[in-house]
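Please look over the sequence and the structure shown here before reading on. The report that follows takes up the model in general, then its chains, and then some details.

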Amino acid sequence: MAANSGEDAPALEARGLSKVFGGVHAVDAMDLTVGRGEAVGIIGPNGAGKTTLFNLLAGSLQPTGGQVLLRGADITSWSADRRCRSGLARTFQVTLPFDDLTVFENVLVGALVRGETWAAAERLAIELIEHVGLSHAAARAGSQLSTGQRKRLELARALSTSPSVLLLDEVTGGVDQASVPGLIDVVRRIGQTGVSLVIIEHNMTVIQELATRLVFMHQGRKIAEGPAGEVAARRDVRALYLGEHDAAA
Amino acid sequence: MRLLPAWLRASPRLWSGVALLGLVPLITRDAYVLQVLSLAMIWAIFASSWNLAVGYAGLKTFGHQAFFGIGAYVSALSAMHGGLSPWVTMWFGAVAAAVVGALVCLPLLRIRSLPHLAIVTLAFAEIVRILCSNLVDLTRGELGLAGIPPFTPLSVPGLGLVSFGPADRASTFVLIWSCLAASLAFLGWLVRSRTGLIIQAIRDSQVAAESLGVSLTRYKLFTLTISAFLAGAVGAVYAHFVLVLTPTSALGIALMVQMTAITLVGGIGTLQGPLIGSLVLTVSAEGLRMAGDHRMLAFGVLIVLVVLFAPRGLARLDLLFGRPSQAAGAAR
């Protein structure tokens with residue numbers, strides 16, 4: 001199939017994407033389309049293949065089969081750094097701050113790699129740190145941050161690359177409940193800037209607040225896809241994901 | 001103070017220390033003292049080159065003695081057989097080490113496991129040492145390559161002709177001190193630059209750095225090449241300072257162990273660490289000669305004490321040396 005190109009093409013597309021680890025189909029013939037400015041949620045039980053799907057989309061893993069397209073361009077064979085420079089950024093489920101660098105320097109790296117001058121990169125870093133509410137911790141080392149602060153740092157760092165598509169892996173995972181509304185607000189504001197979002201999230205309340213469309217994965221396959229409310233209400237989804245067997249009966 | 005570059009303003013205690021070290025020939029002309037301190041400065045430059053790869057970029061290589069030895073032998077042999085001045089041949093040595101460093105780096109980029117990287121680089125260095133030992137016609141092997149010329153005399157305005165032979169320990173000291181100051185200035189500038197910040201990000205998390213668009217291949221290749229160049233250059237200086245080379249002294253694994261100890265004791269990932277570690281270990285190793293047979297035992301105890309009470313190195317002891325600044329942006 002010929003890829004759409006130009007303005008008509010979706011922001012991100014996966015076609016028949018597969019990854020096999022020693023005979024186990026971690027991701028199996030997955031199709032996914034993310035429109036420009038759209039926020040798509042990926043849900044599913046542990047081991048469903050959500051993070052593997054992210055790794056395939058971001059280029060951290062090479063697929064066994066299928067294609068990844070960014071604004072219509074086939075990027076399947078591109079390295080992770082090239083994908084990022086083309087506008088595809090990500091955060092990690094287990095956060096990966098640069099431990100010995102300050103929060104400011106963590107964010108500065110992305111802006112500098114993008115080719116900004118040092119002064120422009122500094123201005124962008126300060127702006128983004130403020131945007132995610134980390135100004136008070138800007139001089140603190142990455143290793144000294146709480147889980148919630150690390151999640152915010154990952155958001156600022158990913159934004160420093162000026163992405164058109166942002167993959168968010170469990171942005172509220174492991175964060176205390178008091179910090180969740182703040183993080184939701186940050187992600188929502190990112191979405192309002194026109195960045196397309198793909199969000200992995202276990203918290204159903206959070207995902208329904210952030211995503212307009214949900215994709216439900218189970219054992220590497222897409223089981224359901226549709227408007228967030230509809231997918232979340234499906235009996236098979238609730239049975240597989242939430243263990244509500246009565247719902248499936 | 002704003003007139004000074006950021007890398008100079010960022011480490012005032014380091015530069016004060018380097019400046020004080022440069023005054024030593026004004027205080028004493030004792031050949032033994034100058035000889036020991038000259039060697040300590042050579043080891044400091046060599047350890048700094050390793051520190052750039054390991055401490056700043058996280059490339060856990062244990063084969064840097066190969067670059068040091070290649071620089072030493074290439075410079076010595078081209079000066080002896082080519083009739084060229086050591087001032088020229090030392091750059092041959094540095095470039096040869098850099099080229100080998102870049103070539104070695106290419107297959108290394110595929111290795112992410114640290115133990116594997118360590119063993120492969122160590123094996124590479126041993127191959128170079130064994131090769132050097134067996135090329136007896138060229139290197140004289142373990143018999144030693146003797147007759148290496150010292151740096152040729154320089155005409156310095158106001159001082160006349162300055163020699164750098166075995167009898168000219170003060171001028172040789174100043175020459176090596178200049179190399180140390182230039183190396184630290186270059187490294188200080190590099191680690192606070194855009195490239196320096198990016199290689200420190202790679203050290204902390206390769207995966208995260210790559211996800212921000214950093215080309216790991218490009219930056220690792222650059223770092224190892226620069227690091228090998230510096231090791232090769234100081235290896236060449238060493239050759240024209242000691243005037244005799246053996247594969248064991250210039251390429252032996254003991255050299256790498258020594259650089260590791262110097263860097264860890266001084267403070268890995270800090271600009272001042274290798275200099276502090278080198279001065280402490282080289283001078284104390286000489287000072288402990290009075291302990292006779294117990295010398296190495298006492299030396300071992302000293303290292304254990306430093307590791308116990310300053311596990312991140314002497315440079316990171318706030319009271320002694322101030323916090324080593326890592327904030328590249330802060331000083332700008």
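## The model and its confidence

This is a predicted model, in which local features need pLDDT of at least 70 and side-chain atom pairs count only at pLDDT 80 or more, while totals for chains, interfaces and linings use all residues. Residues are numbered from 1 along each chain as its sequence is written, and chains are lettered from A and ligands numbered from 1 in the order in which they are written.

The model scores ipTM 0.89 and pTM 0.88. Where pLDDT is low, the predicted coordinates should not be read in detail.

## Chain A as a whole

Chain A has 10 helices and 10 strands, where helices (H or I, at least four residues) and strands (E, at least two) are DSSP runs numbered from the N terminus. The radius of gyration of chain A, taken over C-alpha atoms, is 18 Å, close to the 18 Å that the globule rule gives for 249 residues, so chain A is as compact as a globular protein of that length; the rule is 2.2 Å times the number of residues to the power 0.38. Along the principal axes, the C-alpha atoms of chain A fill a box of roughly 55 × 45 × 35 Å.

Of the 249 residues in chain A, 48% are buried; a residue is buried if 20 or more other C-beta atoms lie within 10 Å of its own, exposed if 12 or fewer, and partly exposed in between, with C-beta atoms placed from the backbone.

## Strands of chain A

Strand S3 (residues 39–43) of chain A is mostly covered, since five of its five residues are buried. A:Ala39, A:Gly41 and A:Ile43 point one way from S3(A), whereas A:Val40 and A:Ile42 point the other way. S3(A) pairs in the parallel sense with strand S8 (residues 196–200) of chain A over four bridges, and S3(A) also pairs in the parallel sense with strand S9 (residues 213–218) of chain A over four bridges; two strands pair if DSSP finds at least two bridges between them. In S9(A), A:Phe216 is the residue opposite A:Ile43.

Elsewhere in chain A, four strands form an open sheet with antiparallel pairing, in the order S2-S1-S4-S5. Strand S2 (24–34) and strand S5 (73–74) of chain A stand at the edges, each with a single partner strand, so one side of each is left without a neighbour in the sheet. Strand S4 (residues 65–70) of chain A pairs with S5(A) in the antiparallel sense over two bridges, and A:Leu70 has A:Ala73 in S5(A) as its bridge partner.

## Chain B as a whole

The secondary structure of chain B comes to 17 helices and four strands. With a radius of gyration of 20 Å, close to the 20 Å that the globule rule gives for 332 residues, chain B is as compact as a globular protein of that length. Of the 332 residues of chain B, 47% count as buried.

One residue of helix H9 (residues 169–191) of chain B is B:Gly188, which is buried, with 21 other C-beta atoms within 10 Å. B:Gly188 and B:Thr270 are 82 residues apart in sequence and 9.6 Å apart in space, C-alpha to C-alpha.

The contact takes 25 residues from chain A and 20 residues from chain B. On the side of chain B that touches chain A, helix H10 (194–204) and helix H11 (206–211) of chain B each supply at least two residues, and H10(B) gives the most, with six residues.

Note on methods. Two residues are in contact if their C-beta atoms, placed from the backbone, lie within 7 Å.
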